Amino acid sequence: MSWLPFLLARTLRRETPLATFSVAQSDLLAALAGKRVALIGNARALAETDFGAEIDSADLVIRINRAPMPSARSHGTRTDWLALATRLSAEDRTRIGPARYLWMSPKRKRLDWETATSPGFYLYPLTDYTRLHAALGAPPTTGAMMIDLIARSDMASLTLYGFDFFASLSLSGRRTAEQVPHDFTSEADWAADLMARDSRITLRKS
């Protein structure tokens, strides 16, 4: 598909043609099989830790949105996959340099051509978003969507860093919990229940 039909499909929210840019979910989940995955959230408290080397030692390092990395000591340096719900500047693309982009937002109008045509691109299905939205009673964060997605794979382990469910706010901005459309209490309870049922998933507290 060329740029103009892509723009039309994006503007009119035509999911089927947009999905042709994406690898199949089965292929994405297969790429996680047997991997020790590090998923890096953007909690401010992570900046006060020494988890960087531990993060970089994972088989697969996944970061979120603009992926702030204030120091290698706390955040590491690698980014293999980047889960997005926002557009990136050229500077951020160069700085982060992921091998794969995943578009998680249901707001397809924000999806840009460079991301959609990147190698290994993945479009998070609206059906998965709707299911998780219903489970949480609120729009899920990009982090929650990624936890849900990775948990459905045959990964060896999933370690969460920088997830305190907005207790320390976000390195990505200055908004408070009241200014964002998510229910962080619900997400924290959901994640705790998931970890209780799946011993492969652990939370490293900042």
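This is a predicted model: local features need pLDDT of at least 70, side-chain atom pairs count only at pLDDT 80 or more; totals for chains, interfaces and linings use all residues.
**Stop 1: E1 and E6**

E1 covers residues 36–40, and E6 covers 157–161. Now pick Leu39. Its bridge partner in E6 is Leu160.

How much of E6 is buried? Of its 5 residues, 4 are buried, so the strand is mostly covered.

Step from E6 to E7. These strands are also parallel, joined by 3 bridges. Select Leu158 and look across to E7: Ile201 stands opposite.

**Stop 2: The whole sheet**

Zoom out and show the strands. There are 7 in an open sheet, and the pairing is parallel. Read across them in the order E5-E4-E3-E2-E1-E6-E7. Which strands stand at the edges? They are E5, residues 122–123, and E7, residues 201–203. Each has a single partner strand, so one side of each has no neighbour in the sheet.

E4, residues 100–103, pairs with E5 in the parallel sense over 2 bridges.

**Stop 3**

Select helix H9, residues 142–151. H9 lies across E1, E2, E3, E4, E5, E6 and E7. Relative to E1, the helix runs at about 170°. For orientation, E2 is residues 60–64 and E3 is residues 81–84.

**Stop 4: The largest nonpolar core**

The largest nonpolar core has 32 residues. Which members touch the most others? They are Leu39, Met146, Ile150 and Leu158. You have already visited Leu39, the partner of Leu160, and Leu158, which faces Ile201.

H3, E1, E2, E3, H8, H9, E6 and helix H10 (184–197) each supply at least two residues. H9 gives the largest share, with 7 residues.

Center on Ile150. Leaving aside residues up to four places away in sequence, Ile150 touches Leu32, Val37, Leu39, Ile62, Met155 and Leu158.

**Stop 5**

Select helix H3, residues 25–32. Leu28, Leu29 and Leu32 are buried here. Look down the helix axis. The buried residues fall within an arc of 95°, so they line one face of H3. They pack against E1, E2, E3, E4, E5 and H9.

Turn to the other side of H3.

**Stop 6**

Color the charged side chains. The whole structure holds 14 salt bridges. Start with helix H8, residues 126–136.

Select Asp128 and Arg131. They form a salt bridge, with the closest N and O atoms 3.8 Å apart. Both residues lie in H8, 3 residues apart, about one turn of the helix. Asp128 is buried, at 10% relative accessible area. Arg131 is partly exposed, at 39%.

Arg152 sits in the loop between H9 and E6, and Asp128 in H8, so the pair ties together parts 24 residues apart in sequence. Arg152 is partly exposed, with 32% relative accessibility.

Which residues make up the network? Shared partners join Asp128, Arg131, Asp148 and Arg152.

**Stop 7: Arg73 and Asp50**

Finish with another salt bridge. Select Arg73 and Asp50: their side chains meet at 3.0 Å, N to O. Arg73 belongs to helix H5, residues 72–75. Asp50 lies in the loop between E1 and helix H4, residues 52–56. The pair links distant parts of the chain, 23 residues apart.

Check the surface here. Arg73 is partly exposed, with a relative accessible area of 42%. Asp50 is exposed, at 57% relative accessibility.

Terms used: Residues are numbered from 1 along each chain as its sequence is written. Side-chain values use heavy atoms; hydrogens and water are left out. A salt bridge is a side-chain nitrogen of Lys or Arg within 4 Å of a carboxyl oxygen of Asp or Glu. Buried means under 20% relative accessible area, exposed over 50%, partly exposed in between (1.4 Å probe, protein chains only). Two strands pair if DSSP finds at least two bridges between them. Contact means heavy atoms within 4.5 Å. Axes are lines fitted to C-alpha atoms, for helices over the stretch in contact, and angles run from 0 to 180 degrees between N-to-C directions. The arc is that of the directions from the helix axis to the C-beta atoms. A nonpolar core is a set of buried Ala, Val, Leu, Ile, Met, Phe, Trp, Tyr and Cys residues joined through side-chain atoms within 4.5 Å.
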